[in-house]
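Here's a quick briefing to read with the model open beside you. Have a look around first, then work through the points below.

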Amino acid sequence: MRKILEKFGFFPRICVWELTLACNMRCGHCGSRAGLPRPNELTPDEAQRVCHELADLGCRRVTLSGGEPTMRKDWPEIAKTLVSRGVKVNMVSNGWAWTEETVARAKEAGLVNVCFSIDGLEQTHDQIRRAGSFGRSMKAFEACKKVGLPTASIMTINRKNLEQLDAVHDMLVSIGVTLWQPQLSDAMGNQRDNIDWAFHPEELPAIEAKLGELMRRSSLRITVGDNIGFYGPNEELFRKESSFGFWVGCFAGCQVVGIESDGDIKGCLSQQDEAFVEGNLRQNSFKEIWNKKGAFAYNREFDVSQLQGFCRDCRYNDICRGGCTCSAHFASGDRFDNPFCVYRVLELQKRGVVERIGTEREVDESKLPCNPAVAG
C-alpha cells in the first residue's frame, strides 16, 4: 500500500484548519477541550500567508473548524483568500451565534457549504452541548436555506444518542440538509471525563449494521467517519465514494493535513496529542514541514512490522495499516493496534474473545483516557 500512496504523491489535498480553540460551548465529547483560545494563535497576517502556502502546495479543499471558527473575527477574509486561490472552502460550526448577517458573510466569502453539528434530538443535543443550542442550530439551518447556502451535518455518536440515529436522520432530511456524517466519539479530551458515554469494541458490529441500514434506505448523502468500519459487512457501502471502494488506510500526512490555531501541523486535526505535531508554521514554512525528511513517518514510512496485537497478523494489515490512527492511539495506547475495527471484533468473537476498553476516569492528563484493550 505504501507504493500506491507514493504513486499518488504526497500533497495536502484536504486540510482541516482549527482557526481558534475559542468556543462558546463546552461539549461533553469535545476531543480538543475547546473553550479558551490557544496562547499565541496565528495573527491575521500569518493566517493569510498560510492560505497562500496551502494553495501553492496544491490544496484543493479546506474545512474551517475550531473551537468555534466564527469566534475568530477574520474568518471571512481567510475564506476569501483561499477561494481566490481556487480552493474549495466549507465550515464546521456549532451554530450558536449564526445570524442572517453571519450567513451573508459566509455566502459572500464563497463557502461551498456550512456543516452544523447535531448530536441528537433537542433534549439530548442540549445535554451534550449547551442548553438552547438545538434551537439555535435549527435557526442557522433555516437562515442558510433562505439564501441558498447548502448545509451539512455531523453527528458524533456515543451511548447517549445512539438510539436517536434514525430520528436525527429523518429530521435532517426534512429540513433539506444535503450531507450527513455520523462518526464515533473517540475517548479523548472531554470524552475522558464522560468515559461512560464511550463504546466498547464489541458494540461496533451493531452500530455498523444500523448505519448500513440507514444508508440503504436514505435519500440523503451519507459519508461515515473514517473511524467507523474496516472490512465489515457494509465496507463497500461505507467507502462507495472512495477511489478504491474499500478502506485503504489513514491518509494523514499523505493527502490530509491539520493546522492548529497556533500554527502546529499534524497529519489530522483529530490527533489530539502533541506526539503527532510535525512542526510549527512560525518556525518553518508549510512546504518545509510537509517535505521534511521523516515527516508523518507513521504513514509515509509504514511497515507491517510496526503493527501490534490482532492488527499485526490481520489479512488486511498492509492495506489497512491499523485503521484510524487517532482511534487506535486513544483506545490502546498504540497507533498501530486498533481494537475499534469491525472485522477484528467479528473475528475475535469466533475465537470467544471480547476486547473492552478501561472505563475509569484518568486524572493524570499525560496519560491516555483508557487502559489498553483487554481480552476477556
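Let's start with valine 353, which counts as partly exposed because its relative accessibility is 24%, while the cut-off for buried is under 20%. Keep in mind that this is a predicted model. From there we'll go on to a helix, the sheet, the cores and the cavities.

**Around valine 353**
- Valine 353 sits in the loop that runs between helix 15 (342-350) and strand 11 (355-356).
- Glutamate 202 is 151 residues away from valine 353 along the chain, yet their C-alpha atoms are separated by 9.8 Å.
- In the stretch after helix 15 you'll also find glycine 352, which has a positive phi, near 80°.

**Helix 15**
- The buried residues here are Val342, Tyr343, Arg344, Val345 and Leu348.
- What do the buried residues of helix 15 pack against? Their partners are helix 8 (204-217), helix 12 and strand 11.
- Arg344, one of those buried residues, also turns up in the lining of the second largest cavity.

- Ten strands make up an open sheet with mixed pairing, in the order 7-6-5-4-3-2-1-8-9-10.
- Strand 7 (221-222) and strand 10 (279-280) are the edge strands; each has a single partner strand, so one side of each has no neighbour in the sheet.
- Strand 1 (residues 14-18) runs parallel to strand 8 (residues 256-259), and the two pair over 4 bridges.
- Within that pairing, cysteine 15 is opposite valine 257 of strand 8.
- Strand 3 (residues 88-93) pairs with strand 4 in the parallel sense too, again over 4 bridges.
- Valine 92 has cysteine 115 of strand 4 as its bridge partner.

- How many residues of strand 4 (residues 113-117) are buried? The count is 5 of 5, so to speak a covered strand.
- Side chains in a regular strand alternate between the two faces of the sheet.
- In strand 4, Asn113, Cys115 and Ser117 point one way, with Val114 and Phe116 pointing the other way.
- Both sets are buried.

**Nonpolar cores**
- The largest nonpolar core has 80 residues, and Trp17, Leu54, Leu82 and Phe286 touch the most other members.
- Leaving aside neighbours within four places in sequence, leucine 54 is in contact with Cys15, Trp17, Cys59, Val62, Leu82, Ile259 and Phe286.
- There's also a second, separate core of 13 residues, with Met188, Cys314, Cys324 and Cys326 among them.

**Cavities**
- A probe the size of a water molecule, rolled over the atoms, shows where empty space is left.
- The structure has 3 cavities of 30 Å³ or more.
- The largest cavity holds about 100 Å³ of space, and 12 residues line it.
- Which of the lining residues lie nearest the centre of the largest cavity? They are Ser185, Asp186, Ala187, Ala331 and Phe340.
- Helix 14 (residues 325-332) gives the most to that lining, with 3 residues.
- By class, the lining of the largest cavity splits into 9 nonpolar, 2 polar and 1 charged residues.
- The second largest cavity comes in at about 60 Å³.
- Its lining includes Leu307, Phe310, Cys311, Tyr316 and Cys341, and helix 12 (309-313) and helix 13 (317-320) each supply at least two of the lining residues.
- The lining of the second largest cavity has 7 nonpolar, 2 polar and 1 charged residues.
- Cys314 belongs to the second core and also lines the second largest cavity.

Note on methods:
Residues are numbered from 1 along each chain as its sequence is written. This is a predicted model: local features need pLDDT of at least 70, side-chain atom pairs count only at pLDDT 80 or more; totals for chains, interfaces and linings use all residues. Side-chain values use heavy atoms; hydrogens and water are left out. On a 1 Å grid over the protein atoms alone, a cavity is a set of points where a 1.4 Å probe fits but cannot get out, and a pocket is an open set with protein on both sides within 12 Å along at least five of seven lines; lining residues have an atom within 4 Å of a point. Grid points are joined across faces, edges and corners, and a volume is the space filled by probe spheres set on the points. Ala, Val, Leu, Ile, Met, Phe, Trp, Tyr, Cys and Pro count as nonpolar, Asp, Glu, Lys and Arg as charged, and the others, Gly among them, as polar. A nonpolar core is a set of buried Ala, Val, Leu, Ile, Met, Phe, Trp, Tyr and Cys residues joined through side-chain atoms within 4.5 Å. Buried means under 20% relative accessible area, exposed over 50%, partly exposed in between (1.4 Å probe, protein chains only). Contact means heavy atoms within 4.5 Å. Two strands pair if DSSP finds at least two bridges between them.
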